[in-house]
Amino acid sequence: MSGYLKNGQWHEGWYDTNKTSGAFVRADSAFRNWIKADPSSRYPAAPGRYHLYVSLACPWAHRTIIARSLKRLESIISLSVVEPVMTQGWAFSKALPDHVNGFQFMHQLYTAAQADYTGRVLVPVLWDTVTRSIVSNESADIVRMFDQEFTEWADNSIELYPEALRKEIDKINDFLYENINNGVYRCGFASRQDAYQAAFENLFSALDWVESRLAAHSFLLGDTITESDWRLFTTLARFDAVYVGHFKCNRNRIEDFPNLSRYLRQLYLQPDIDDTVNIDHIKRHYYLSHPHINPSGIVPAGPILRFCAPVGDDGS
Ligand SMILES: N[C@@H](CCC(=O)N[C@@H](CS)C(=O)NCC(=O)O)C(=O)O
């Protein structure tokens, strides 16, 4: 079950959507510090100092894993992965341990950083091993830090937020977040028909818009893959396996959109990206961690995902 901390104490509980007319409103990230390339800053970029905590199921954490992989920062920023199914919220195990602090639950990390923390216990978390504090639990910021502040160690042939495209990337990111990335959650966690209906319409008109944009461009901003594409990718990769059924986002599958499905496959086939996609964690997390939506706890066996299928000799 998921839950939250109140004055450093763990409580079980879901978001109270009655307070928001049945609509799901995502909790804000509480830690928004910034690692800087500048060695005199409070959190200076350095190899081996920072640790990333993720869930392979979570689309927000997934973007940080992708940025770490694309920038070749695996040996600079170490990683711990939580169990896909929540117990006292996100948890570690013998198979998936906390490599830095040896904690059993993610909420212990939050109280280690701030003893009286009140709020939800979210992934991803970027942890500082020197000050034993949370630098950030906001994936958008973490992706930017990996892209911009670790250039001394990173593979800089890939730039996720190039200067010339920043204005347009910011605009598209806002649109994607509101209507698609968070839009699927607003469908799935709505507790009133009207809130669900509004989220559903926003989601599919946004997907229609992206589908037509991708008729003229390979990627969202043209021929270059940017941060915006990876933001969309993490939602698209979960869509047919989870959001169509579990979150009732069922007007169409991504597979039914010719351009979006081509685009999803193209991103999936970028070097090492397949290693960041764990469909087993994704399915088990969603179908088993929200008992109010899926009380039987049955994890669907399908669907067969074409973007995960090997590419044939003819490239199809
Ligand atoms: N704005 C945050 C959102 C992170 C977030 O909502 N993570 C979800 C997992 S997909 C979480 O940890 N939820 C636990 C909860 O709400 O209790 C980010 O992008 O980093």
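Into which domains is the chain divided? Domain 1 covers residues 3-148 and domain 2 covers residues 164-278. The model is predicted. Its secondary structure consists of 9 helices and 7 strands. The radius of gyration is 19 Å, close to the 20 Å that the globule rule gives for 316 residues, so the chain is as compact as a globular protein of that length.

**Domains**
- The centres of domain 1 and domain 2, taken over C-alpha atoms, lie 23 Å apart.
- Between the two domains, 23 residues of domain 1 are in contact with 25 residues of domain 2.

**Dimensions and packing**
- The C-alpha trace spans about 50 × 45 × 35 Å along its principal axes.
- Buried residues make up 55% of the 316 residues in the chain.
- Taking contacts between residues at least 6 apart in sequence, 68% join residues at least 24 apart.

**Surface and charge**
- The chain has an accessible surface of about 13800 Å². Carbon and sulfur atoms account for 50% of this accessible surface.
- The chain carries 31 positive and 37 negative charges. A distance of 5 Å separates the mean position of the positive charges from that of the negative charges.

Definitions and conventions. Residues numbered from 1 in each chain as written. Predicted model: local features only at pLDDT ≥ 70, side-chain atom pairs only at ≥ 80, totals over all residues. Heavy atoms only, no water. Helix = DSSP H or I, 4+ residues; strand = E, 2+ residues; numbered from the N terminus. Rg over C-alpha atoms; globule rule 2.2 N^0.38 Å. Buried < 20%, exposed > 50% of the residue type's maximum accessible area, 1.4 Å probe, protein only. Contact = heavy atoms within 4.5 Å. Areas by Shrake-Rupley, 256 points an atom, 1.4 Å probe, with all protein chains shown as cover. Lys, Arg positive; Asp, Glu negative; His and termini not counted. Charge placed at Lys NZ, Arg CZ, Asp CG, Glu CD. Domains from an automatic or database assignment.
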